[in-house]
Amino acid sequence: MQALWLTIRLAGIVTLILLLVGTPIAWGLARAKSWWKVPVGALVALPLVLPPSVLGFYLLLAMGPHGPVGRLTESLGIAALPFTFWGLVVASVFYSLPFMVQPLQTAFESIGERPLEVAATLRASPMDAFFTVAVPLALPGFITASVLTFAHTVGEFGVVLMIGGNVPGVTRVASVQVYDHVEALEFMQAHRLSLVMLLFSFVVLLALYAWRPAARRVG
Amino acid sequence: MTAEGIAARFRLGWGRFTLDVDLALPGRGVTVLFGRSGSGKTTLLRCIAGLERAPGGRLVVDGEVWQDENRWLPTHERPVGYVFQEASLFAHLSVMGNLQYGLRRANASRAISLEHAIELLGIGHLLDRKPDRLSGGERQRVGIARALAVSPRLLLMDEPLSSLDAARKSEILRYIERLREELKIPIIYVSHAIDEVTRLADKLVLISDGRVTGMGSVQELTSRLDLRSQIGRFEGGAIIDARVVSQDLATGIAKLAFDGGELMTTDVDALAGERVRVRIRARDVSIALDCPKNISVLNCLPGVVAEIGQDGGSSADVRMKVGNTSIIARITRHSIRNLRLEPGVEVFALVKAVSLDRHSVGFS
């Protein structure tokens, strides 16, 4: 149970952080006409193709005592991030970034320029127009992106193992717990946890697909 | 520089298209920017609204600088109302929500109340609906009311009728005519349809390839032979202002008076005393040296040949002065030679049909 609760807490926090971080990135990518759009888009998509262990390895180096992030945390008087819950959060934010940014970018792009121009002629500043026109029109995109981000964070394994190790109650999330059970030949426990994960994933995807046709009307 | 009116100078280039205009537009009435699609008239309108940035441009409205070297008012700070080609209503808001969006943000004095805008456009029964439950014509009416609800000092309309069918078009035209009657704000209206020009325009600006090729009153520009190719050869012709003198209900024939004579016509949807605008297509006008008897054509107007157009191959445009009014006829060069037509020759213009558009108020 501890592992499940930890997993949900991790995924929830990561989804919230990514809503804050991913939205401006997606907005920038959707609206920019500049050359940097392509390299930034590729960078954001990187976690999709990179083996999680590779991503985890680099993050481990960065957050370790000799890495740039590690030095920063040390000078701020915070303990090093690897093998802590917050280290996992930071790593998961990178790992799940494309799952937040890409659906949002698509949603923003499908709104088009016009509603924002209309808002401007109706005296709305760009910021005002973003919150009162772009966000409500992109709401289905926000829901899709949040669900995918949450679910994907729940399913991560490789990065967790590299960054978090296997500290009970701190970094031992459900996917790692299953691995442990199997290693210890505790197949019954592995079964129980795996079944929960399986049902969870299926229900999430079912809800997403069932709800999507209604979303298509918007835009 | 006059305090009233709009002075606009924009230069803008994208690839092969360039916009290069320097204009002084009146601060009242309806000014129609007329030109083919791709001529740059919408771009000019977007520059005025601040939706397009033309570096180095200058825009002064009623003595207030909206754009010059040191100043650039963003769109949301310009006191304009903008009606887009498609109504572009916010899909997530009801009709009322759409109307209130701008209303809540406009801090200007309420020259036009929301109730007035709703009443003007006849949308009182639609307020609770979502945009996807409206017809095309209703959507555009809401779009216009939404633009008015911010009490703009200048109303910009970008081909608001182009996405509608003929019936919806004439319905919305009636509403736009009411606007010009009841609201004292200048309207800049982009169009490529000559019937909209006839009905609405007080002043006409012709735009071609990003440049202004003619500017003046509708009567003046439509009677210029050198601009005929831009205004439309087939449908084109002189546009004149007239007044309904009488309506004979038995025969369906109405008598119109204009500055130069009288015109008989049918199917006039206006009462005696009302002002109308009449478009006399050049292809519906013949020229005779005397007034023929026993002919079905109702109108035989005495005039003088003023000008004969040079281009056009086997046919040519002939401009005649009938009193103070210009009428254009499109006839063959063969006939011009036969009748020995040249400027100064006294002739009769035989007008077979006129296309008539209501135009009840004028600023002339």
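Student: Which residues in α3(A) meet residues in α5(A)?
Tutor: On the α3(A) side they are Pro52(A), Leu55(A), Gly56(A), Leu59(A) and Met63(A), and in α5(A) they meet Gly87(A), Val90(A), Ala91(A), Phe94(A) and Tyr95(A). By class, this contact has eight nonpolar, two polar and no charged residues. Nonpolar covers Ala, Val, Leu, Ile, Met, Phe, Trp, Tyr, Cys and Pro; charged covers Asp, Glu, Lys and Arg; the others, Gly among them, are polar.

Student: Is this predicted or experimental, and how do the labels work?
Tutor: This is a predicted model, in which local features need pLDDT of at least 70 and side-chain atom pairs count only at pLDDT 80 or more, while totals for chains, interfaces and linings use all residues. Residues are numbered from 1 along each chain as its sequence is written, with chains lettered from A and ligands numbered from 1 in the order in which they are written.

Student: Back to those two helices. At what angle do the axes cross?
Tutor: Roughly 130°, for α3 (residues 52–63) and α5 (residues 85–111) of chain A, and the axes come within 11 Å. The axes are lines fitted to C-alpha atoms, for helices over the stretch in contact, with angles from 0 to 180 degrees between N-to-C directions.

Student: How many helices and strands are there in chain A?
Tutor: Chain A has 11 helices and zero strands. Its pattern along the sequence reads α-α-α-α-α-α-α-α-α-α-α. Helices (H or I, at least four residues) and strands (E, at least two) are DSSP runs, numbered from the N terminus.

Student: What box do the C-alpha atoms of chain A fill?
Tutor: Roughly 65 × 45 × 25 Å, taken along the principal axes. Buried residues make up 35% of the 219 residues in chain A. Among contacts in chain A between residues at least 6 apart in sequence, 71% join residues at least 24 apart. A contact needs C-beta atoms, placed from the backbone, within 7 Å.

Student: Where is Gly64(A) found?
Tutor: Gly64(A) is in the loop between α3 and α4 (68–75) of chain A.

Student: Why is Gly64(A) called partly exposed?
Tutor: Because 15 other C-beta atoms lie within 10 Å of Gly64(A). The cut-offs are 20 or more such atoms for buried, 12 or fewer for exposed, and partly exposed in between, again with C-beta atoms placed from the backbone.

Student: Which residues is Gly64(A) in contact with?
Tutor: Leaving aside neighbours within four places in sequence, Gly64(A) has contacts with Gly70(A), Ala80(A) and Pro82(A). From Gly64(A) to Glu74(A) is 10 residues in sequence and 9.8 Å in space, C-alpha to C-alpha.

Student: Switching to the chain contact. How many residues does each chain put in?
Tutor: Chain B gives 16 residues and chain A gives 14 residues. On the chain B side, β6 (80–83) and α2 (95–105) each supply at least two residues. The largest share of that side, three residues, comes from α2(B). The chain B side divides into 10 nonpolar, five polar and one charged.

Student: What is the strand order in the four-strand sheet of chain B?
Tutor: The order is β2-β1-β4-β5, in an open sheet with antiparallel pairing. β2 (17–25) and β5 (64–67) of chain B stand at the edges, each with a single partner strand, so one side of each has no neighbour in the sheet. Neighbouring strands are turned by 20° against each other on average, direction ignored. Helix α1 (residues 41–49) of chain B packs on this sheet, touching β1, β2 and β4 of chain B, and its direction makes about 120° with that of β1(B).

Student: How many bridges join β1(B) to β4(B)?
Tutor: Four, between β1 (residues 6–14) and β4 (residues 58–61) of chain B, which run antiparallel. In β4(B), Val61(B) is the bridge partner of Ile6(B). Strands count as paired if DSSP finds at least two bridges between them.

Student: And the order of the five-strand sheet?
Tutor: That open sheet of chain B runs β15-β19-β16-β17-β18, with antiparallel pairing. β15 (285–288) and β18 (325–332) of chain B are the edge strands, each pairing on one side only. The twist averages 45° from one strand to the next.

Student: Which residues stand opposite each other there?
Tutor: Lys321(B) stands opposite Ser326(B) in β18(B), and β17 (residues 315–322) of chain B pairs with β18(B) over eight antiparallel bridges. Glu307(B) stands opposite Arg319(B) in β17(B), where four bridges join β16(B) to β17(B). In β19(B), Val347(B) is the bridge partner of Gly303(B).

Terms used
Contact = placed C-beta atoms within 7 Å.
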